Amino acid sequence: MSNMEKLKPPALEYLVERVEFLEETNRRQIAILDMLTSSGDYHGELSRAKDSFSIFRSTLDQVGRLMPFQMMGCLESMDDGSFDLKACGSEEYAEALQEIVDSAIMDGSFAWALNRNQSVLIPLGEERSLLLHVIATRSRIRGVFAGVLEKAAAAVVDAAAHNALSIIFYTCSYALESTTLYSMLNESVLYLEERVQQRTRELESARKMAETANRAKSDFLANMSHEIRTPMNGVIGMAELLLEGGVSETQQKHYLEIIKNSAENLMLLINDILDFSKIEAGKIALKHEPFELCVNISNALRPIAAQAGQKNLELVYSIAPGTPRHLIGDEGGVRQILTNLAGNAVKFSDHGEIAIDVWSELQEENKIRLHYKVSDHGIGIAPESLERIFETFEQADSSTVKNFGGTGLGLAISKRLVEMMGGKIWVESVVNEGSVFHFTALFQLDEQPAFSGAPGPLSGMKILVIDDQEHNRAVLSLFLSEMGMIPYTAATPEEALTLFEKEDFSGNRILPTLLDWQFRECCEQASGWRDASPVPLKIIYLINSGTRVDYKLNREDKDPLLIKPIDQRELEKIIITAVTGDISTAINSCQGGNASSQVLDILVTDDVDVNLELAEAILTRFGHKVTLAHSGKEALDILAVNKFDLVFMDVQMPVMDGLQATRLLRIMEQQSQTRTPVIALTAYAAPEDQQKCIAAGMDGYLCKPFKIQEILDVLQHYTCVSADDSGSASLSLPAEIEETEKDEKVQSVVFDRAGLVARLGGRETLVPKFVKLFLDTMDIQMKNLENTIASVDCSEVRIHAHTIKGSAANIGAQRIFELAYTLEESALAEDLGEAASLLQLLKEEHKSFVSGAGPDILGD
Amino acid sequence: MSTIRKNLPTIQSLIESTRTVYSLPLFYERLNETINHPRSSVSDIVKIIIDDQGLSARILRLANSPLFGCYSKVDSISKSVTIIGTQQLRDLALASSVIKVFKGIPEDVLSMTSFWQHSISCGIVARCLATYLRENNVERFFVSGVLHDVGQLIMCTTIPDLVKQIRENSVNNDKLYYKTEFEMLQFNHSQVGGALLQSWKIPASITETVTWHHTPRFAKQFPLEAAVIHLADIICHSMQFGHSAEWCVPKMDENAWERLNMPVSMLSTILKQSEPLIHETFSILAEGI
């Protein structure tokens with residue numbers, strides 16, 4: 001057939017038709033090609049498009065130029081696999097188009113179209129057709145185009161147009177992909193920028209924190225270094241001087257004292273650092289033991305009482321009425337906090353009172369929250385430092401370290417302790433007006449207090465309290481009421497006179513009276529105040545610790561002394577003693593620690609000879625009989641044959657340690673029905689070590705290195721001798737003893753040589769050395785005294801007179817002592833005229849001492 | 001040497017000698033013109049196809065076969081025109097009618113069953129590759145695959161003795177068949193096939209692809225299409241989906257693989273999709289061979 005056609009020339013009509021067809025096809029194809037090549041507008045719009053909607057919109061515009069759609073729209077492929085009609089040729093038919101698409105989805109034609117990368121025509125009834133075209137890149141389907149064509153339009157097969165459609169949708173899909181990737185990129189960039197900024201901020205703050213911490217540590221190290229160097233300097237320098245030799249006795253003693261003081265300072269420092277590091281390491285466990293609030297506070301104030309007394313600061317405390325006082329908690333912790341806070345108050349104040357107030361903030365079942373307030377009138381703290389001072393190694397101002405010393409750890413330790421006790425600590429302060437420290441702590445109530453205010457021997461007895469400090473009156477009243485006594489208070493002796501008139505004291509045989517030391521003159525005067533009382537008064541003096549007591553005055557009327565801050569138990573004891581007339585005990589109670597009061601048989605066990613020697617030296621000095629043992633075994637052997645009043649037992653020893661020895665001792669004692677108090681000596685201060693000691697049957701606990709005073713306290717405690725407070729009031733212990741011993745002399749002598757020899761343990765050979773030392777010191781002291789009297793400086797005069805007094809007491813120069821004492825008093829009274837005349841007398845007395853002690857000096 | 005050369009056929013001589021024997025069915029030209037005519041309609045196309053009863057039946061069977069996996073039954077040519085698409089239909093019609101054209105080739109030269117099995121497999125694999133690549137109108141890949149070795153048929157008809165000799169030489173020298181062809185004739189079957197399709201006025205996208213299916217780097221206009229057929233051919237040879245005159249697996253052009261930019265892992269997916277389609281498609285298209 002094809003061969004036939006080729007042979008025959010085609011008819012004209014056919015050719016005309018053919019030409020027309022070719023021309024028409026040509027035009028159509030050129031038109032479409034034009035449309036595609038001139039689609040710069042479309043591409044421009046795509047490149048400007050920021051989101052899928054604008055891309056779909058420009059695509060629809062472009063498609064509209066190609067085919068006459070009745071409706072058209074673009075569906076975007078969503079992440080969950082669904083398709084959303086995102087853009088429509090016109091919003092009017094959006095719903096209708098959606099319906100058509102939905103039915104295509106239902107019959108599967110939609111899904112089928114997704115897999116055909118070409119126009120897919122689906123008949124819609126008789127009139128219309130649905131054209132679907134997937135919009136996909138190679139990697140994923142981004143959407144679908146849906147357009148509705150009239151049947152007539154759909155029936156026209158226009159391959160070129162369909163190919164053009166495919167090109168448009170292919171372009172569209174890549175534009176969509178670019179936009180998505182671009183926005184992802186943008187997001188990533190933004191996210192990264194944000195991360196970088198965040199990291200930068202974090203790093204910056206971390207850097208600042210590190211720098212601050214580093215600075216604090218450096219400051220701390222600098223402070224520590226300074227704090228440690230100062231005493232070390234003293235120790236090393238003095239030791240060198242001593243080693244070089246050729247030093248006078250006086251200087252030797254002086255140097256040794258410096259070494260001792262320096263070492264003690266170092267010890268305090270080390271304790272602070274250890275405390276702090278233990279807390280930081282979480283190694284401190286709170287104790288859970290019953291204690292009494294007032295005892296706790298007075299114990300806390302005791303170590304600083306002397307310093308406060310020297311600065312003429314009144315230490316007072318008051319407990320709000322109704323506050324439970326028998327508690328269970330960490331007594332030591334509270335004490336440490338109070339000592340720290342009150343100690344700071346003392347350190348940074350030079351006038352006014354330092355007051356501690358305590359009240360109950362919250363009480364629930366058997367729990368209680370106490371609020372403590374420690375206020376002073378000191379230098380205060382600048383507002384900007386208020387937050388910082390509780391931080392480690394911080395003092396308000398690093399320059400304060402130079403002025404006041406201290407490690408800066410006290411408050412940090414306190415803060416951590418308070419937090420462990422479930423409380424908080426804060427401070428209010430005004431510069432130059434004073435500071436008020438607050439802290440709260442949780443305790444348990446002690447339902448069965450060991451010490452109760454049950455009616456005692458003093459029950460129903462009336463008592464008079466005269467003190468100008470309201471705080472003191474309040475505390476005393478509280479204590480006395482609890483003892484069952486009926487207290488009457490007056491601010492001054494004059495005020496008491498009105499009480500004498502108003503009140504009926506006739507029921508009392510005698511009227512015990514607590515009188516502040518400053519009013520002692522009323523009693524010294526022969527007539528007047530004291531006689532105004534309807535019943536005889538039994539005076540008990542209240543003195544501030546640190547006040548030097550004139551024992552001579554005291555001796556005349558034998559009035560007992562009670563040292564503030566007041567301990568309730570002591571108070572009770574002293575009143576009982578006073579009213580029952582056992583005066584000797586009362587005197588002992590205030591001046592105790594007397595070498596002659598009681599000679600104890602003491603066994604000291606330690607494997608280190610130095611420690612044994614030290615203990616022996618201290619104990620024999622106070623007249624006790626000392627036996628030494630080098631091990632637990634040796635101690636047991638000795639204990640098997642001899643009876644001792646007290647045993648000091650080192651915990652760590654070879655062969656048999658202290659714990660084991662004590663256990664065996666207790667077993668031994670079961671047969672003999674006795675019990676010897678055993679006090680542990682150890683360098684380990686942790687509570688669990690303490691518990692181990694108690695568990696082994698020990699009675700007490702002493703930390704190495706121990707101070708003389710601590711040993712004396714233990715002696716008094718375990719041998720039923722009432723507590724000695726005067727001892728703690730002075731560091732110059734030998735002077736105290738001297739005064740006590742002198743107390744027993746009937747007449748003062750120029751030089752009590754025998755007393756000195758006794759104190760030196762009978763070693764007469766030492767006398768010249770000591771006398772020379774004394775004289776050397778005296779020369780300097782006298783000069784100083786003279787100079788200060790000339791420069792009219794009362795407080796300096798007092799200090800020098802005081803020093804001379806102490807030295808004189810030590811050596812046994814009784815007259816010098818007496819004169820120095822009077823001179824000190826006149827300086828205190830600011831009577832320099834009297835001081836000047838006393839100075840002349842003192843000079844003479846000095847001369848007579850030199851001649852009196854002549855043989856000893858020559859002997860040297 | 002020169003005497004041998006004188007007796008040697010050229011591509012042109014081979015085409016000339018088969019032009020009358022193997023002519024493209026008339027309907028294809030009509031169909032092509034109708035499709036490209038701006039004013040023609042679906043019904044015009046339908047009319048042309050239903051003129052050939054066998055073709056209509058095969059198209060309907062194909063449209064309903066898993067090759068299309070159509071969403072609903074295609075029960076009329078007019079429906080197949082709308083949903084499959086006019087150009088796609090034209091390509092399918094081409095593939096399905098060309099097979100009928102090459103009848104009567106002696107089995108001792110080439111097994112026709114095996115040959116068409118290889119060719120149809122290649123078409124299906126190429127179509128799958130194109131689908132994965134999201135190519136527009138995947139049917140042209142199908143038809144290119146089906147027709148890629150059509151040159152071999154011409155040579156088998158026109159120069160059967162030479163073909164046998166080429167084959168022997170190729171096996172004896174352990175050389176690829178198409179390379180041996182080139183050595184002996186200065187051309188190979190792909191060029192012959194391309195020339196035939198060109199003479200039939202088949203679109204360039206198919207002609208060029210067939211011409212360069214062994215050396216796709218020479219395809220200037222349709223390099224991707226040539227690369228796809230090249231790979232599909234190699235896949236079918238290595239999977240032994242039927243056989244052509246080539247007796248071993250042709251060498252792969254690395255550039256062709258790279259052009260597809262396809263992960264190797266996709267190959268197994270494509271094979272999984274292609275393999276089940278081969279048998280049915282073969283039975284539709286190669287019916288009666």
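Of the 289 residues of chain B, 58% count as buried, and this chain, like the rest of the structure described here, comes from a predicted model. Chain B is built with 17 helices and zero strands, and its accessible surface comes to about 11800 Å², of which 52% belongs to carbon and sulfur atoms. Among the contacts in chain B with a separation of 6 or more, residues 24 or more positions apart account for 68%. Chain B also meets chain A, with 36 residues of chain B in contact with 32 residues of chain A.

**The interface of chain A and chain B**

- Between them, chain A and chain B bury about 2900 Å², and 48% of this area lies on carbon and sulfur atoms.
- Across this interface there are twelve residue pairs in polar contact, counting pairs in which both residues have pLDDT 80 or more.
- On the side of chain A that touches chain B, at least two residues each are supplied by α2 (12-37), α6 (109-114), β3 (120-124), β4 (128-136), α7 (151-155) and α8 (159-244) of chain A.
- The element that gives the most to this side of chain A is α2(A), with six residues.

**Salt bridges between the chains**

- In one salt bridge, B:Glu33 pairs with A:Arg18, and the closest N and O atoms are 2.3 Å apart.
- Because B:Glu33 lies in helix α3 (residues 26-36) of chain B and A:Arg18 lies in helix α2 of chain A, this pair joins two chains.
- B:Glu33 counts as partly exposed at 25% relative accessibility, and A:Arg18 likewise counts as partly exposed, at 22%.
- A salt bridge is also formed by A:Arg116 with B:Glu139, where the closest N and O atoms are 3.4 Å apart.

- Helix α6 (residues 77-84) of chain B is largely enclosed by the rest of the structure, because six of its eight residues are buried.
- The buried residues of α6(B) are B:Ile77, B:Ser80, B:Val81, B:Thr82, B:Ile83 and B:Ile84.
- These buried residues pack against elements of both chains, namely α6 and β3 of chain A together with α4 (42-51), α5 (53-63) and α7 (86-101) of chain B.
- Just after α6(B) comes B:Gly85, which takes a positive phi of about 105°.
- Elsewhere in chain B, B:Thr207 has its place in helix α14 (residues 204-211), and this residue is buried, with a relative accessible area of 6%.
- When residues up to four places away in sequence are not counted, B:Thr207 touches B:Gly194, B:Leu197, B:Gln198 and B:Ile202.

**Salt bridges within chain A**

- A:Arg666 forms a salt bridge with A:Asp699, with the closest N and O atoms 2.7 Å apart.
- A:Arg666 lies in helix α23 (residues 658-672) of chain A and A:Asp699 in the loop between α24 (687-695) and β22 (700-703) of chain A, so the pair ties together parts that are 33 residues apart in sequence.
- Of these two partners, A:Arg666 is buried, with a relative accessible area of 11%, whereas A:Asp699 is partly exposed, with a relative accessible area of 22%.
- A:Glu845 forms a salt bridge with A:Arg815, and here the closest N and O atoms are 3.8 Å apart.
- This pair links distant parts of the chain, as A:Glu845 is in helix α32 (residues 832-852) of chain A and A:Arg815 is in helix α31 (residues 814-828) of chain A, 30 residues apart.
- A:Glu845 is buried, with a relative accessible area of 13%, whereas A:Arg815 is partly exposed, with a relative accessible area of 33%.
- A network of salt bridges links A:Glu204, A:Arg207, A:Lys208 and A:Glu211.

**A buried glutamate in chain A**

- A:Glu292 lies in strand β6 (residues 289-292) of chain A, and this residue counts as buried at 5% relative accessibility.
- The side chains of A:Glu292 and A:Arg325 are joined by a polar contact of 2.7 Å.
- Leaving aside neighbours within four places in sequence, A:Glu292 is in contact with A:Arg325, A:His326 and A:Gln568.

Conventions
Residues numbered from 1 in each chain as written. Chains lettered and ligands numbered in written order. Predicted model: local features only at pLDDT ≥ 70, side-chain atom pairs only at ≥ 80, totals over all residues. Heavy atoms only, no water. Contact = heavy atoms within 4.5 Å. Buried area = accessible area lost by both parts, 1.4 Å probe. Salt bridge = Lys/Arg side-chain N within 4 Å of Asp/Glu carboxyl O. Polar contact = N/O pair within 3.5 Å; in protein donor to acceptor, adjacent residues only side chain to side chain. Helix = DSSP H or I, 4+ residues; strand = E, 2+ residues; numbered from the N terminus. Buried < 20%, exposed > 50% of the residue type's maximum accessible area, 1.4 Å probe, protein only. Areas by Shrake-Rupley, 256 points an atom, 1.4 Å probe, with all protein chains shown as cover.
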